[in-house]
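Colleague: Could you take me through one part of this model, the place where the two chains meet? I would like a close look, with the cut-offs spelled out as you go.

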Amino acid sequence: MSSSAKRSGDKITRSSFFHQIPQLFARLVLGAVFIYASIDKILYPQAFAKAVYNYQILPDFLINLTAIILPWLELILGLFLIIGLFHEGSVWIVTLLLVMFFGSMTFNLARGLDIHCGCFSTGTDGTNNAPMAWYVFRDGLFLLPAFYLFYLTVLGKNRTIKV
Amino acid sequence: MVKVQKKEKIPVAWQVVILLLASAVMGISVNHIRPDPIPLVGDWTPEARITSDSGKSLVISLEEAERLFSSGRAIFLDARSSGLYGEGHIKGAKNLPWQSFEEFVDKVIPDISQDAQIVTYCDGENCSLSEDLARELSLMGYKKVRVLVNGWTIWTEKGLPVEKGSS
């Protein structure tokens, strides 16, 4: 059984025993989070569309389509991650989505946009953007298992050498 | 020890395409069969977004707002924070910050009769403070409430009367 140590000339994969439990844990956690996050959005599309609108990033004509399709993408990805189907494709999309969400939130935090009211905080009037900072931090946390899975799944396979 | 290459599987690019297509199909069909679907392309202009319960637009134009202002018949309510209000507001406007509604409502509302013409405003095309305030006021029984979208900016750009300080 190969360890995760590199050895030249051997076939090196990232699916060694060392990674199996953390990898399963990452899949379950991310899968559960995505499924959980999707439910409210599927039940209340108009409210989610308003939230997408408040981010003020997408053009108007894409808002409803995003509100309709994105929650189902999250649900399907969550299920597939847990089941282990289409693993590499799921990991690609999950990682890209989380990076996009993180980027959007950070961008809005930086420009002082309060997505709950769609208004900009000048900073002098005391509007509190602390809740937003917490969401950014939380999303950053989710990026960790995603990057880990990406590393194992996408980057790891390139290390295999055909004999 | 040479491990056998993984068995034939669907290429990653196809996995991604299938996942995206499946989501689109599920999303659009479920939306279609639900009792309250949302349109695939929504109307997010202020006139469509900011409506009363009956669907009438609550938005007024700058010209209408100017007329109401000159006639002295309307009460302007600034929905932004007291800090921003103090730095500058439409002349004669009162401050009722939506984000501190509970705190300010009893100080401001008693002076306003139920059939008064009210115009709410905030700052920014997408700022929802004014519309949230307008909706709450109509729930409270005020029947003549309108929203001046991006009120502060368009009012000052046209050089219309403003003042500073607290009311």
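Modeller: Happy to! Between chain B and chain A there are 10 residue pairs in polar contact, both residues being at pLDDT 80 or more; a polar contact is a pair of N or O atoms within 3.5 Å, where within protein one must be able to donate a hydrogen and the other to accept it, and residues adjacent in sequence count only if both atoms are side-chain atoms. On the chain B side, α1 (12-33), α4 (82-87) and α6 (129-139) each supply at least two residues that touch chain A (helices are DSSP runs of H or I, at least four residues, and strands are runs of E, at least two, numbered from the N terminus). Among these, α1(B) gives the most, with 14 residues. By type, the residues of chain B that touch chain A divide into 20 nonpolar, 11 polar and 6 charged; here Ala, Val, Leu, Ile, Met, Phe, Trp, Tyr, Cys and Pro count as nonpolar, Asp, Glu, Lys and Arg as charged, and the others, Gly among them, as polar.

A word on the ground rules: this is a predicted model, in which local features need pLDDT of at least 70 and side-chain atom pairs count only at pLDDT 80 or more, while totals for chains, interfaces and linings use all residues. Residues are numbered from 1 along each chain as its sequence is written, chains are lettered from A and ligands numbered from 1 in the order in which they are written, and side-chain values use heavy atoms, with hydrogens and water left out.

Now the extent of the meeting place. The contact, meaning heavy atoms within 4.5 Å, takes 37 residues from chain B and 43 residues from chain A. About 3500 Å² is buried between the two chains, and carbon and sulfur atoms give 64% of that; buried area is the accessible area (1.4 Å probe) that two parts lose on being put together, summed over both. L19(B), I38(B) and W44(B) supply 23% of the area that chain B buries against chain A, more than any other three residues.
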